[in-house]
Structures are given as C-alpha cells and as structure tokens.
Amino acid sequence: MKMAIKRTNKNNTPNAAALKQIIKKCSSFGKKNDVPKGHFAVYVGENRSRYVIPITYLGHPEFQNLLQRAEEEFGFHHDMGITLPCDEQDFCSLISMMR
C-alpha cells in the first residue's frame, strides 16, 4: 500500500484522510509495544536512530516536507517504521523547534 500526503488546497495542507492513513500505518509498525498512544516511531540518520514523536508533528509544515521526502526516497512499504532522510542533528533541531 503506497501512502501519500494529498494536498487539498492552495496552502498545500494535507488531506485529513491522508493524515489518518499515515497515523494508522505508523501505529502498526514493528513489534515493539513501547510507543505510547498518540505517538509513532521514526528512524533518522546514518545509524537509523529511533525516535518516538507525537502525532501532532504530522501537522507541522516542515515535518510534512520531511515525510514527503521520505516517501520519495524510501517509500512507506516497510515494517520497521518511517525512515526520515535527514541528518540526526538536523532532525533534533527540527523537533525542538516544533515543541
């Protein structure tokens, strides 16, 4: 199943149905049960460091751009979670900005 963030208006905001589909897919990744409700795991950087982040980040424009790049580079058809195509330090800067 290929997942994409669909754009619905001139502001390029994602379709609510597309975000729900991503959340559903993210919540089923992996066999680990240590992801709290309302969060999902992503893998970042050369070493594929695992981060558990709130689903509210999905609404942030910079995070949406990162997800779009992830889909283009890696696709969303794997079982380990979403791998984000960015340096770990850049990712940490991004999430600290979103808090």
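Mentor: Let us go through the elements, the sheet, the helices and the cysteines in turn. This is a predicted model, in which local features need pLDDT of at least 70 and side-chain atom pairs count only at pLDDT 80 or more, while totals for chains, interfaces and linings use all residues. Residues are numbered from 1 along each chain as its sequence is written, and side-chain values use heavy atoms, with hydrogens and water left out.

Trainee: Which elements make up the secondary structure of the chain?

Mentor: Helices (H or I, at least four residues) and strands (E, at least two) are DSSP runs, numbered from the N terminus. Here there are three helices and three strands. Starting at the N terminus, they follow one another as α-β-β-α-β-α.

Trainee: How do I read the order of the strands in the sheet?

Mentor: Strands of a sheet pair through backbone hydrogen bonds, either parallel or antiparallel. We call two strands paired if DSSP finds at least two bridges between them. In this model the three strands form an open sheet in the order β2-β1-β3, and the pairing is mixed. β2 and β3 are the edge strands with a single partner each, so one side of each has no neighbour in the sheet.

Trainee: Where do the parallel and antiparallel pairs lie?

Mentor: β1 and β2 are antiparallel, with six bridges, and F40 has I53 in β2 as its bridge partner. Four residues lie between these two strands in their hairpin, where G45 has a positive phi near 80°. β1 and β3 run parallel and are joined by three bridges. Y43, for example, has T83 in β3 as its bridge partner.

Trainee: Which residues of β2 are on the covered face, and which on the uncovered one?

Mentor: In a regular strand the side chains alternate between the two faces of the sheet. For β2, the covered face has S49, Y51 and I53, and the uncovered face has R50, V52 and P54.

Trainee: Now the helices, please. How many residues does α2 have, and how far does α2 reach?

Mentor: The expected span of a helix is 1.5 Å times one less than its number of residues. α2 covers residues 61–73, which is 13 residues, and spans 18 Å from first C-alpha to last, close to the expected 18 Å. After α2 comes G75, with a positive phi near 75°.

Trainee: Which residues of α2 are buried?

Mentor: Buried means under 20% relative accessible area, exposed over 50%, and partly exposed in between (1.4 Å probe, protein chains only). In α2 the buried residues are F63, Q64, L66, L67, A70 and E71. Looking down the axis of α2, they fall within an arc of 160°, so they line one face of the helix. That arc is taken from the directions from the helix axis to the C-beta atoms. The exposed residues E72 and E73 sit on the face turned away from the buried side of α2.

Trainee: What covers the buried residues of α2?

Mentor: Their cover includes β1 (39–44), β2 (49–54), β3 (82–84) and α3 (88–98). Contact means heavy atoms within 4.5 Å. Neighbours within four places in sequence aside, A70 is in contact with G75, F76, I82, T83, L84 and P85. A70 and P85 are 15 residues apart in sequence, with 5.7 Å between their C-alpha atoms.

Trainee: Which residues of α3 are buried?

Mentor: They are F91, L94, I95 and M98. Seen down the axis of α3, these residues fall within an arc of 90°, so they line one face of the helix. Their cover includes β1, β2, α2 and β3.

Trainee: Last topic: how many disulfides does a search of the whole structure find?

Mentor: A disulfide is a covalent bond between the sulfur atoms of two cysteines. The search looks for a pair of cysteine sulfur atoms within 2.5 Å, and the result is zero disulfides. For C86, the closest cysteine sulfur is in C92 at 8.7 Å, too far for a bond. C86 counts as buried at 19% relative accessibility, whereas C92 counts as partly exposed at 31%.
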